[in-house]
Amino acid sequence: MTERSYRQITRRKSRKIMVGPVAVGGDAPISVQTMTNTRTSDVEGTLDQVRRAAAAGADIVRVSCPDEDSTAALKAIVKGSPVPIVADIHFNYRRAIEAAEAGAACLRINPGNIGSVERVREVIQAARDHNCSMRIGVNAGSLDKHLLEKYGEPCPEALVESALEHARILEDNDFREFKISVKASNVFMAVAAYRGLAAACDYPLHLGITEAGGLTRGTVQSALGIGALLWEGIGDTLRVSLTADIAEEVKVGFEILKALDLRHRGVKIISCPTCARQGFDVVKTVETLEKRLAHISAPVTVSILGCVVNGPGEARETMIGVTGGGVGADRNRVYLEGVSDHNVGGAEMIDHIVELVEAKARALDAA
Ligand code: SF4
């Protein structure tokens, strides 16, 4: 076994498509997406969410376009957005054409649900004319009737069959600039569907566990489902669906990627669960640091450990490490690049760590 080979993930070979300037699939970094929940016709409100998502690291943001007011607002949203915008369309081919014309980078649309062959052709033509890719988004909660009749209930095979049916419509029109998702709220079903789809085609896959729940439950569900797939090398872009603030979805998405060493963004804090040995208040320190370091996008690793039991060992693996010096000692040891360096008292510690991390981030950004 080569050093750390147990950590390596071999990614499935997929086609590369573009969502605006963001590559999805092939050897592109796994992108993180989220979705706004404002009325899309509210340009300022939507742009505010888009900007917050982008500040949290989102590579791509999706907005729903349920009506003409939404697609009419899209042009200003696309113009003001720092990241490419995906227009979420259901059934109405006119909305899809309007969205492509308004500058959407990608259409989330299922071509089998928009009616005649002629309408499909018109949407594809609009996508071609405006450099717009597509996402086929199959969901266990809205499976096509004929598949529900065939399989009796939503199941992985039905999700895969539905996705391939929609894909065939685009292929028949010689359009291959699309990615696919097969989402379900049940982790087993979603994982099995994505595995089946990954084996059946080489299109890039957009991962997600849909309707996953609130922050805690949704994070666990997503980490299990999306994490299991990424671990197998499946997945090119992802959205963590949470009944929570838009920035939380992005944060959790990156935490999943960080945990699997697939992509690093922002500060990764390793911290202990604390016990009676802690030399300082580790919980409060980490809570404060997470807030104060949220603006850092460089991949800085930090370890915050309450005492010398595990502190020096974890500090060896991180760029900046702090280990408590013992109960009441008010002398905490700072490690830089794994090497024991100097002491810091409790009162100055947080400011000191923030300064060290910011300096490290500047150095990484400049490198
Ligand atoms: Fe307790 Fe020290 Fe372990 Fe933290 S590192 S949990 S303080 S023994």
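Residues are numbered from 1 along each chain as its sequence is written. Because this is a predicted model, local features need pLDDT of at least 70 and side-chain atom pairs count only at pLDDT 80 or more, while totals for chains, interfaces and linings use all residues.

Let me start with the overall division, in which the protein chain falls into domain 1 (8–259) and domain 2 (268–366), with bounds that come from an automatic or database domain assignment. Taken over C-alpha atoms, the centres of domain 1 and domain 2 are separated by 38 Å.

Helices and strands here are DSSP runs, numbered from the N terminus, where a helix is H or I with at least four residues and a strand is E with at least two. Turning to helix 3, which covers residues 93–102, we find that eight of its 10 residues are buried, meaning that 20 or more other C-beta atoms, placed from the backbone, lie within 10 Å of the residue's own. The buried residues of helix 3 pack against helix 2 (68–80), strand 5 (85–88), strand 6 (106–108) and helix 4. Just after helix 3, Gly103 takes a positive phi of about 105°.

Why do we call Ala99 buried? Ala99, which sits in helix 3, is buried because 33 other C-beta atoms lie within 10 Å. Leaving aside residues up to four places away in sequence, Ala99 touches Cys65, Thr71, Leu74, Ala87, Ile89, Ala104 and Leu107, where contact means that the two C-beta atoms, placed from the backbone, lie within 7 Å. The C-alpha atoms of Ala99 and Ser70 are separated by 8.8 Å, although these residues are 29 residues apart along the chain.

Finally, helix 6 (residues 156–172) has 17 residues and reaches 24 Å from its first C-alpha to its last, close to the 24 Å expected at 1.5 Å a residue, the expected span being 1.5 Å times one less than the number of residues. Its buried residues include Pro156, Glu161, His166 and Leu170, and among the elements that cover the buried residues of helix 6 are helix 4 (117–129), strand 7 (133–139) and helix 7 (187–200). Just after helix 6, Asp174 takes a positive phi of about 60°.

Methods: Buried ≥ 20, exposed ≤ 12 C-beta atoms within 10 Å, placed from the backbone.
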